[in-house]
Each structure stands twice: as C-alpha cells, then as structure tokens.
Amino acid sequence: GEWWGFVGIDLCSERPLQRSHGDVVRAVAASLSASATRQRADEDARLREDLYRSMIERGPAITYIDGIEESAPTIYMSPQVTQLLGYTPEEWLEDPGLWSRLLHPDDRERALAQETRQTIGTRNPPPVDYRMITRDGRIVWILDEAVLEPDEAGTPVWHGVLYDITERKNAEQELQRAAAQQAAVARLGGRALQDGDPEGLM
C-alpha cells in the first residue's frame, strides 16, 4: 500500500504495554488511512471534474444538459453559447422556452418534431440540423447531437453538443446554386441545338 506516515501512542503511566494497546494503534491507523484515502479520491475526482469542465468550456462547440420535456429547464449550458447566439448561459437556465423561440420559422416544426421523437424514442437519436436566429438577428446553422443518460437521481436527461455548421451549409448552398446554373445553361444549349440555332447559345 501507499506510505502515509507514523502513528504513535504515549503511555502516561508505568503500566506495561498491553496487547489491547496495539489493537488501538492499529484501529486508529486504519481509520486515518481510510480517511486519507477518501480525501485523496475526492481531490482526484475534483481535479478530473475541473479538467473536464475546462476542456468543455474552452472548446469550439456548445455543450448542454436538458430535461427530456420541451418545457423542462436547461440544466447546464456552456459559455460558448454567448459567442454564437448572443444569450448567456444564465438566460438559458432561466428561460425554458428560449430554444424553441430561437428556431428559424422554416425549421421549427421539423426541429420540434425531432425533439418529440427523441423524447419518446431511442437513447441515441441521429443528429439533426436546423437554423437559429441570434440575438442580433443573424441566422446560423446548428448541428445538434444528443444522447440520453440518467442523472445522479436516475432521471433521464439529454447530454448534447451544438456545432456551428453555418460555413459548411453556406458552401453547400453555393455548390447547389452553381450546379443549378450549369444545368440551366445545359438545357438552353440543348434547346438551341434542337431548334437548329447554335447562335441561340450566345
């Protein structure tokens, strides 16, 4: 085992040392060792928790813990949410309806339907993407991944991560527009050739 130190007992009388005295020393040493072990375990757990929280709060993604009901309050929201959406973690914790209100009108029904399927469905639902409106009116694309895990009381809650995929979505839309333009030019060229008027391409 690990060496912690010494335990001693001074006798304040001239009576000889009895076997029971040794039992007392061993009992005291065992008690102190158990207490020190628990303290070390608690300190290690706090260090791991601090490291995990530091990694989460310094990363680029937003992490959250939510109740499974739509009206359930947010349990935890990482600080990155302020930079992306303009609302503080405290505002998320105090306002259970904030997420649904910030959903883009064209994505609200789909996102809420997915939330309902998550609540009554699988423990590991597929990721869902949707748009949200920031405090200053910008539109950002979000990829939402969550798993259902029990909390300390055994109640299932969502542990999720929100990724900003706005740049990826914008790039995809540019590619789609370019492909649509190329398809339109090809159709015009085909019609011009069918009509026997190559100059119609100009």
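## Charges over rings

Arg135 lies over the face of Tyr87. The distance to the ring centre is 4.1 Å. These values come from a predicted model.

## The aromatic pair

How many aromatic pairs does a search of the whole structure find? It finds one. The partners are Trp99 and Tyr130, and their arrangement is edge-to-face. Their centres are 5.8 Å apart, with 80 degrees between the planes.

Trp99 belongs to helix H4 (residues 98–102), while Tyr130 belongs to strand S3 (residues 128–133), so the pair ties together parts that are 31 residues apart in sequence. Are the two residues buried or exposed? Trp99 is buried, and Tyr130 is buried as well.

## Salt bridges

The structure holds ten salt bridges. One of them joins the side chains of Asp95 and Arg101, at 2.4 Å from N to O. Asp95 is partly exposed, with a relative accessible area of 24%. Arg101 is also partly exposed, at 48%.

## Bridges within helices

Helix H5 (residues 105–120) contains both Asp107 and Arg110. They are three residues apart, about one turn of the helix. Their side chains meet in a salt bridge of 3.5 Å, N to O. Arg110 counts as partly exposed, at 36%.

Helix H6 (residues 166–194) holds Arg177 and Glu174. Again the spacing is three residues, about one turn of the helix. Arg177 forms a salt bridge with Glu174, and the closest N and O atoms are 2.3 Å apart. Both ends are partly exposed: Arg177 has 44% relative accessibility, and Glu174 has a relative accessible area of 46%.

## A network of charges

Which residues are linked in a network of salt bridges? They are Asp107, Arg110, Asp129, Arg131, Arg168, Lys169 and Glu172.

Some of these names have come up before. Asp107 and Arg110 are the pair from helix H5, and their side chains meet in a salt bridge.

Note on methods. Residues are numbered from 1 along each chain as its sequence is written. This is a predicted model: local features need pLDDT of at least 70, side-chain atom pairs count only at pLDDT 80 or more; totals for chains, interfaces and linings use all residues. Side-chain values use heavy atoms; hydrogens and water are left out. Rings of Phe, Tyr and Trp (its six-membered ring) pair if their centres lie within 6.5 Å; planes under 30 degrees apart count as stacked, over 60 as edge-to-face and the rest as tilted. Helices (H or I, at least four residues) and strands (E, at least two) are DSSP runs, numbered from the N terminus. Buried means under 20% relative accessible area, exposed over 50%, partly exposed in between (1.4 Å probe, protein chains only). A charge sits over a ring if NZ of Lys or CZ of Arg is within 6 Å of the ring centre and within 35 degrees of the ring normal. A salt bridge is a side-chain nitrogen of Lys or Arg within 4 Å of a carboxyl oxygen of Asp or Glu.
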